[in-house]
Amino acid sequence: MNVKRDVVITEVALRDGSHAIAHQYTVDQVLRVAKALGEANVPYIEVSHGDGLGGSSLQYGLSHTHEMELIEAAVSVSGNSKIAVLVIPGIGTIKEIKEAANLGVKMARVATHVTEADVSAQHLAVAKNLGLETVGFLMMSHMAPVDTLVNQASLMESYGADTVYIVDSAGALLPHQVAERVRALRHSLSVNVGFHAHNNLSLAMANTLAAIQEGAQRIDGSIRCLGAGAGNTQTEVLVAVLEHMGIVTGIDLYKMMDTAEDIIAPLLKVPQEITRDNLVLGYAGVYSSFLLHAQRASKRFGVDSRDILIELGKHKVVGGQEDMIVDVAAELAQVQAAARI
Ligand SMILES: CC[C@H](O)CC(=O)C(=O)O
Ligand SMILES: [Mn+2]
(Lines give C-alpha, C1' and ligand atoms only; values in the text may rest on other atoms or scores of the structure.)
(Ligands and ions follow the chains in the order given, each with its own letter.)
Protein backbone atom coordinates (compact mmCIF):
# COMPACT_ATOMS: atom_id res chain seq x y z
CA MET A 1 0.00 0.00 0.00
CA ASN A 2 1.40 3.39 -1.01
CA VAL A 3 0.53 6.16 1.44
CA LYS A 4 2.04 9.54 2.04
CA ARG A 5 3.38 9.29 5.55
CA ASP A 6 3.84 12.44 7.68
CA VAL A 7 6.16 10.59 10.04
CA VAL A 8 8.16 7.55 8.98
CA ILE A 9 8.48 4.91 11.67
CA THR A 10 11.24 2.35 12.01
CA GLU A 11 10.20 -0.64 14.11
CA VAL A 12 13.18 -1.75 16.20
CA ALA A 13 11.88 -4.71 18.25
CA LEU A 14 13.84 -7.16 16.08
CA ARG A 15 17.08 -5.27 16.84
CA ASP A 16 16.79 -3.18 20.03
CA GLY A 17 14.47 -5.85 21.46
CA SER A 18 17.23 -8.37 20.98
CA HIS A 19 18.95 -6.90 24.08
CA ALA A 20 15.83 -7.65 26.15
CA ILE A 21 15.84 -11.33 25.16
CA ALA A 22 19.63 -11.74 25.38
CA HIS A 23 19.89 -11.96 21.55
CA GLN A 24 17.96 -15.25 21.40
CA TYR A 25 15.71 -14.57 18.38
CA THR A 26 15.00 -17.61 16.24
CA VAL A 27 14.25 -17.71 12.52
CA ASP A 28 10.69 -18.78 13.28
CA GLN A 29 10.10 -15.79 15.59
CA VAL A 30 11.57 -13.35 13.10
CA LEU A 31 9.46 -14.80 10.30
CA ARG A 32 6.26 -14.34 12.32
CA VAL A 33 7.09 -10.84 13.54
CA ALA A 34 8.41 -9.48 10.22
CA LYS A 35 5.46 -10.91 8.26
CA ALA A 36 2.96 -9.33 10.65
CA LEU A 37 4.78 -5.97 10.60
CA GLY A 38 4.83 -6.10 6.81
CA GLU A 39 1.09 -6.73 6.77
CA ALA A 40 0.65 -3.75 9.11
CA ASN A 41 2.47 -1.62 6.50
CA VAL A 42 5.34 -0.61 8.78
CA PRO A 43 7.76 1.24 6.50
CA TYR A 44 11.07 0.02 8.03
CA ILE A 45 11.86 -3.00 10.18
CA GLU A 46 15.30 -3.15 11.76
CA VAL A 47 16.88 -6.59 12.17
CA SER A 48 20.36 -7.18 13.64
CA HIS A 49 22.05 -8.31 16.81
CA GLY A 50 21.13 -5.78 19.55
CA ASP A 51 24.59 -4.23 19.26
CA GLY A 52 24.34 -4.16 15.51
CA LEU A 53 25.90 -6.29 12.80
CA GLY A 54 28.75 -8.41 14.11
CA GLY A 55 27.61 -7.92 17.72
CA SER A 56 27.38 -11.61 18.55
CA SER A 57 30.31 -12.15 20.95
CA LEU A 58 31.10 -12.99 24.57
CA GLN A 59 31.42 -9.27 25.28
CA TYR A 60 28.00 -8.25 23.95
CA GLY A 61 26.13 -11.56 24.10
CA LEU A 62 26.13 -14.51 21.72
CA SER A 63 23.21 -14.69 19.29
CA HIS A 64 21.04 -17.80 19.19
CA THR A 65 20.89 -17.56 15.40
CA HIS A 66 23.31 -15.86 13.03
CA GLU A 67 21.91 -12.43 12.23
CA MET A 68 22.30 -12.94 8.46
CA GLU A 69 19.85 -15.85 8.72
CA LEU A 70 17.45 -13.62 10.62
CA ILE A 71 17.83 -10.83 8.06
CA GLU A 72 17.25 -13.24 5.18
CA ALA A 73 14.12 -14.54 6.89
CA ALA A 74 12.79 -11.02 7.49
CA VAL A 75 13.41 -9.96 3.89
CA SER A 76 11.57 -13.02 2.61
CA VAL A 77 8.28 -12.21 4.36
CA SER A 78 8.18 -8.46 4.92
CA GLY A 79 6.33 -7.52 1.73
CA ASN A 80 6.52 -3.78 1.08
CA SER A 81 8.31 -3.07 4.36
CA LYS A 82 12.01 -2.38 3.99
CA ILE A 83 14.52 -4.15 6.18
CA ALA A 84 17.12 -2.00 7.94
CA VAL A 85 20.28 -2.93 9.81
CA LEU A 86 22.25 -1.17 12.53
CA VAL A 87 26.03 -1.14 12.47
CA ILE A 88 28.48 0.25 15.00
CA PRO A 89 31.85 0.82 13.28
CA GLY A 90 34.41 -1.40 14.96
CA ILE A 91 31.83 -4.00 15.94
CA GLY A 92 30.33 -4.36 12.46
CA THR A 93 32.51 -4.04 9.40
CA ILE A 94 32.10 -3.17 5.74
CA LYS A 95 31.98 -6.92 5.00
CA GLU A 96 28.76 -7.29 7.03
CA ILE A 97 27.15 -4.23 5.42
CA LYS A 98 27.82 -5.77 2.00
CA GLU A 99 26.45 -9.14 3.09
CA ALA A 100 23.28 -7.49 4.41
CA ALA A 101 22.84 -5.47 1.22
CA ASN A 102 23.18 -8.67 -0.82
CA LEU A 103 20.38 -10.18 1.22
CA GLY A 104 18.04 -7.33 0.27
CA VAL A 105 18.47 -4.85 3.14
CA LYS A 106 17.51 -1.32 2.09
CA MET A 107 18.73 0.91 4.91
CA ALA A 108 21.93 1.02 6.97
CA ARG A 109 21.99 2.91 10.25
CA VAL A 110 25.53 3.71 11.32
CA ALA A 111 25.71 4.28 15.07
CA THR A 112 28.45 6.05 17.00
CA HIS A 113 28.81 7.58 20.43
CA VAL A 114 27.50 11.16 20.27
CA THR A 115 31.00 12.67 20.20
CA GLU A 116 32.50 10.20 17.71
CA ALA A 117 30.68 10.75 14.44
CA ASP A 118 33.99 10.78 12.58
CA VAL A 119 34.23 6.98 12.79
CA SER A 120 31.05 6.66 10.69
CA ALA A 121 32.50 8.16 7.49
CA GLN A 122 33.66 4.96 5.85
CA HIS A 123 30.60 2.89 6.77
CA LEU A 124 28.19 5.59 5.56
CA ALA A 125 30.10 5.97 2.29
CA VAL A 126 30.10 2.23 1.62
CA ALA A 127 26.39 1.93 2.42
CA LYS A 128 25.61 4.83 0.10
CA ASN A 129 27.68 3.29 -2.71
CA LEU A 130 25.74 0.08 -2.30
CA GLY A 131 22.56 2.07 -2.96
CA LEU A 132 21.29 1.84 0.62
CA GLU A 133 19.43 4.58 2.40
CA THR A 134 21.76 5.88 5.09
CA VAL A 135 21.21 7.00 8.65
CA GLY A 136 23.67 8.45 11.15
CA PHE A 137 22.70 7.40 14.67
CA LEU A 138 24.17 9.52 17.49
CA MET A 139 23.94 7.37 20.60
CA MET A 140 23.90 8.61 24.21
CA SER A 141 22.85 12.03 22.96
CA HIS A 142 22.15 13.22 26.51
CA MET A 143 25.91 13.24 27.16
CA ALA A 144 26.73 16.08 24.77
CA PRO A 145 25.77 19.74 24.80
CA VAL A 146 23.57 20.88 21.94
CA ASP A 147 26.37 22.59 19.96
CA THR A 148 28.47 19.41 20.04
CA LEU A 149 25.48 17.38 18.87
CA VAL A 150 25.00 19.80 15.98
CA ASN A 151 28.69 19.53 14.97
CA GLN A 152 28.59 15.75 15.08
CA ALA A 153 25.32 15.57 13.16
CA SER A 154 26.76 17.90 10.52
CA LEU A 155 29.72 15.55 10.13
CA MET A 156 27.35 12.65 9.50
CA GLU A 157 25.45 14.74 6.98
CA SER A 158 28.73 15.53 5.22
CA TYR A 159 29.53 11.78 5.06
CA GLY A 160 26.28 11.13 3.20
CA ALA A 161 23.69 10.36 5.88
CA ASP A 162 20.16 10.88 4.52
CA THR A 163 18.89 11.19 8.10
CA VAL A 164 20.61 11.92 11.39
CA TYR A 165 19.07 10.53 14.58
CA ILE A 166 19.23 11.87 18.10
CA VAL A 167 19.41 8.68 20.14
CA ASP A 168 18.40 8.75 23.79
CA SER A 169 20.13 5.45 24.55
CA ALA A 170 19.78 5.82 28.32
CA GLY A 171 16.24 7.19 28.27
CA ALA A 172 17.66 10.12 30.23
CA LEU A 173 16.47 13.11 28.21
CA LEU A 174 13.54 15.28 29.27
CA PRO A 175 11.00 16.63 26.72
CA HIS A 176 12.42 20.19 26.65
CA GLN A 177 15.91 18.78 26.07
CA VAL A 178 14.66 16.68 23.16
CA ALA A 179 12.85 19.70 21.72
CA GLU A 180 15.95 21.92 21.84
CA ARG A 181 18.10 19.21 20.25
CA VAL A 182 15.69 18.52 17.39
CA ARG A 183 15.19 22.28 16.85
CA ALA A 184 18.96 22.83 16.63
CA LEU A 185 19.43 19.99 14.16
CA ARG A 186 16.47 21.07 12.04
CA HIS A 187 18.00 24.54 11.92
CA SER A 188 21.49 23.37 10.93
CA LEU A 189 20.96 20.30 8.73
CA SER A 190 19.39 19.88 5.31
CA VAL A 191 18.71 16.18 5.82
CA ASN A 192 15.95 14.52 7.86
CA VAL A 193 16.14 14.47 11.62
CA GLY A 194 15.16 11.34 13.54
CA PHE A 195 14.57 10.49 17.18
CA HIS A 196 14.99 7.21 19.10
CA ALA A 197 13.68 7.06 22.67
CA HIS A 198 13.94 4.72 25.65
CA ASN A 199 11.19 4.62 28.23
CA ASN A 200 13.25 4.29 31.42
CA LEU A 201 11.84 7.52 32.90
CA SER A 202 8.40 6.90 31.34
CA LEU A 203 9.10 9.75 28.89
CA ALA A 204 9.47 7.92 25.59
CA MET A 205 6.07 9.02 24.29
CA ALA A 206 6.35 12.60 25.60
CA ASN A 207 9.87 12.91 24.18
CA THR A 208 8.80 11.47 20.84
CA LEU A 209 5.91 13.91 20.58
CA ALA A 210 8.27 16.78 21.48
CA ALA A 211 10.58 15.61 18.68
CA ILE A 212 7.75 15.40 16.16
CA GLN A 213 6.45 18.82 17.17
CA GLU A 214 9.92 20.26 16.42
CA GLY A 215 9.92 18.62 12.99
CA ALA A 216 11.54 15.20 13.42
CA GLN A 217 10.38 13.17 10.41
CA ARG A 218 11.88 9.80 11.34
CA ILE A 219 10.87 8.07 14.56
CA ASP A 220 11.74 4.73 16.13
CA GLY A 221 9.33 2.58 18.07
CA SER A 222 9.25 -0.93 19.45
CA ILE A 223 6.08 -2.93 19.46
CA ARG A 224 4.95 -3.84 22.99
CA CYS A 225 7.99 -1.79 24.15
CA LEU A 226 10.30 -4.65 23.14
CA GLY A 227 13.59 -2.80 23.39
CA ALA A 228 16.52 -2.50 25.79
CA GLY A 229 15.78 -1.34 29.35
CA ALA A 230 12.12 -0.37 29.60
CA GLY A 231 11.95 -0.46 25.82
CA ASN A 232 11.35 2.28 23.30
CA THR A 233 8.31 4.33 22.38
CA GLN A 234 5.58 1.70 22.09
CA THR A 235 4.90 1.61 18.36
CA GLU A 236 1.25 0.63 18.38
CA VAL A 237 0.47 3.27 21.01
CA LEU A 238 2.37 5.88 19.01
CA VAL A 239 0.37 4.99 15.89
CA ALA A 240 -2.87 5.52 17.84
CA VAL A 241 -1.72 8.81 19.38
CA LEU A 242 -0.49 10.21 16.08
CA GLU A 243 -3.74 9.20 14.41
CA HIS A 244 -5.59 11.34 17.00
CA MET A 245 -3.22 14.21 16.20
CA GLY A 246 -3.99 13.93 12.49
CA ILE A 247 -0.45 12.75 11.74
CA VAL A 248 -0.35 9.97 9.17
CA THR A 249 1.98 7.02 9.79
CA GLY A 250 0.38 4.74 7.19
CA ILE A 251 0.48 1.88 9.72
CA ASP A 252 -2.55 -0.32 10.38
CA LEU A 253 -3.41 0.17 14.06
CA TYR A 254 -5.51 -2.98 14.57
CA LYS A 255 -2.91 -5.16 12.89
CA MET A 256 -0.22 -3.68 15.17
CA MET A 257 -2.35 -4.26 18.26
CA ASP A 258 -2.94 -7.88 17.25
CA THR A 259 0.75 -8.42 16.52
CA ALA A 260 1.67 -6.97 19.93
CA GLU A 261 -0.85 -9.14 21.75
CA ASP A 262 -0.66 -12.41 19.82
CA ILE A 263 2.94 -12.58 18.63
CA ILE A 264 5.15 -10.29 20.73
CA ALA A 265 3.66 -10.73 24.22
CA PRO A 266 4.14 -14.54 24.17
CA LEU A 267 7.83 -13.99 23.33
CA LEU A 268 8.44 -12.10 26.54
CA LYS A 269 9.43 -14.00 29.69
CA VAL A 270 8.32 -10.96 31.69
CA PRO A 271 6.35 -7.95 30.42
CA GLN A 272 8.34 -4.83 29.56
CA GLU A 273 7.98 -2.59 32.61
CA ILE A 274 9.75 0.26 34.30
CA THR A 275 11.38 -1.87 36.96
CA ARG A 276 13.71 -0.31 39.56
CA ASP A 277 16.74 -1.19 37.42
CA ASN A 278 15.20 0.33 34.29
CA LEU A 279 14.37 3.47 36.21
CA VAL A 280 17.97 3.72 37.40
CA LEU A 281 19.22 3.44 33.79
CA GLY A 282 17.35 6.64 32.94
CA TYR A 283 18.10 8.31 36.29
CA ALA A 284 21.85 7.62 36.10
CA GLY A 285 22.13 8.09 32.31
CA VAL A 286 23.38 4.58 31.58
CA TYR A 287 23.13 2.74 28.29
CA SER A 288 19.89 0.73 28.26
CA SER A 289 21.67 -2.26 26.75
CA PHE A 290 23.77 -2.59 29.93
CA LEU A 291 20.76 -3.82 31.91
CA LEU A 292 21.13 -7.60 31.67
CA HIS A 293 24.93 -7.38 31.96
CA ALA A 294 24.57 -5.36 35.19
CA GLN A 295 22.01 -7.79 36.57
CA ARG A 296 24.33 -10.72 35.88
CA ALA A 297 27.23 -8.88 37.57
CA SER A 298 24.95 -8.13 40.52
CA LYS A 299 24.30 -11.86 41.05
CA ARG A 300 27.95 -12.79 40.53
CA PHE A 301 29.38 -10.24 42.99
CA GLY A 302 26.47 -9.91 45.42
CA VAL A 303 26.12 -6.16 44.82
CA ASP A 304 22.82 -4.30 44.30
CA SER A 305 22.40 -3.81 40.53
CA ARG A 306 21.31 -0.22 41.20
CA ASP A 307 24.65 0.53 42.86
CA ILE A 308 26.45 -0.88 39.82
CA LEU A 309 24.36 1.23 37.42
CA ILE A 310 24.78 4.41 39.47
CA GLU A 311 28.53 3.88 39.56
CA LEU A 312 28.62 3.26 35.79
CA GLY A 313 26.73 6.53 35.33
CA LYS A 314 29.34 8.35 37.44
CA HIS A 315 32.10 6.82 35.30
CA LYS A 316 30.27 8.08 32.17
CA VAL A 317 30.67 4.67 30.62
CA VAL A 318 29.62 4.44 26.97
CA GLY A 319 28.61 1.69 24.54
CA GLY A 320 31.42 -0.75 23.87
CA GLN A 321 32.65 -0.55 27.48
CA GLU A 322 30.58 -3.52 28.68
CA ASP A 323 33.73 -4.97 30.27
CA MET A 324 33.63 -2.07 32.76
CA ILE A 325 30.44 -3.51 34.25
CA VAL A 326 32.29 -6.43 35.76
CA ASP A 327 35.17 -4.18 36.90
CA VAL A 328 32.77 -1.79 38.63
CA ALA A 329 30.82 -4.63 40.28
CA ALA A 330 34.02 -6.28 41.54
CA GLU A 331 35.29 -2.99 42.94
CA LEU A 332 31.97 -2.25 44.67
CA ALA A 333 31.95 -5.74 46.20
CA GLN A 334 35.42 -5.11 47.66
CA VAL A 335 34.52 -1.66 48.99
CA GLN A 336 31.28 -2.92 50.52
CA ALA A 337 32.99 -5.95 52.08
CA ALA A 338 35.68 -3.69 53.60
CA ALA A 339 33.00 -1.39 55.02
CA ARG A 340 31.39 -4.37 56.77
CA ILE A 341 34.60 -5.39 58.62
C1 LIG B 1 24.35 -0.98 21.37
C2 LIG B 1 23.55 -0.36 20.30
C3 LIG B 1 22.38 0.35 20.89
O4 LIG B 1 21.46 -0.58 21.41
C5 LIG B 1 21.78 1.25 19.87
C6 LIG B 1 20.56 1.86 20.41
O7 LIG B 1 19.46 1.46 20.10
C8 LIG B 1 20.67 2.92 21.41
O9 LIG B 1 21.78 3.46 21.62
O10 LIG B 1 19.64 3.24 22.02
MN1 LIG C 1 17.97 1.84 21.63
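## Surroundings of ligand 1

In this predicted model, ligand 1 is surrounded by 13 residues (a heavy atom within 4 Å of the ligand). Arg15, Asp16, His19, Asp51 and Ser169 are the closest.

Oxygen atoms of ligand 1 lie 2.6 Å from a polar side-chain atom of Ser169, 2.9 Å from one of Asp16 and 3.1 Å from one of His198. Taken alone, ligand 1 exposes 300 Å², and the protein buries 98% of that (Shrake-Rupley method, 1.4 Å probe).

## Annotated binding site

An unreviewed UniProt entry carries the annotation "binding site" for Asp16, His196 and His198; such annotations may be inferred rather than shown by experiment. The three span 183 residues in sequence, yet no two of their C-alpha atoms are more than 10.6 Å apart, so they gather at one spot.

## Asp16 and His196

Asp16 is found in helix 1, residues 16-20, and His196 in strand 7, residues 192-196 (DSSP runs of H or I with at least four residues for helices, of E with at least two for strands). Both are buried (under 20% relative accessible area, 1.4 Å probe, protein chains only): Asp16 has 2% and His196 has 1%.

Leaving out residues up to four places away in sequence, Asp16 touches His196, His198 and Asn232, among others (heavy atoms within 4.5 Å). With the same exclusion, the contacts of His196 include Asp16, Tyr165, Asp168 and Asn232.

## Conventions

Residues are numbered from 1 along each chain, chains are lettered from A and ligands numbered from 1 in the order written. Local features need pLDDT of at least 70, side-chain atom pairs count only at pLDDT 80 or more, totals for chains, interfaces and linings use all residues, and side-chain values use heavy atoms, without hydrogens and water.

Notes: Buried < 20%, exposed > 50% of the residue type's maximum accessible area, 1.4 Å probe, protein only. Polar contact = N/O pair within 3.5 Å; in protein donor to acceptor, adjacent residues only side chain to side chain.
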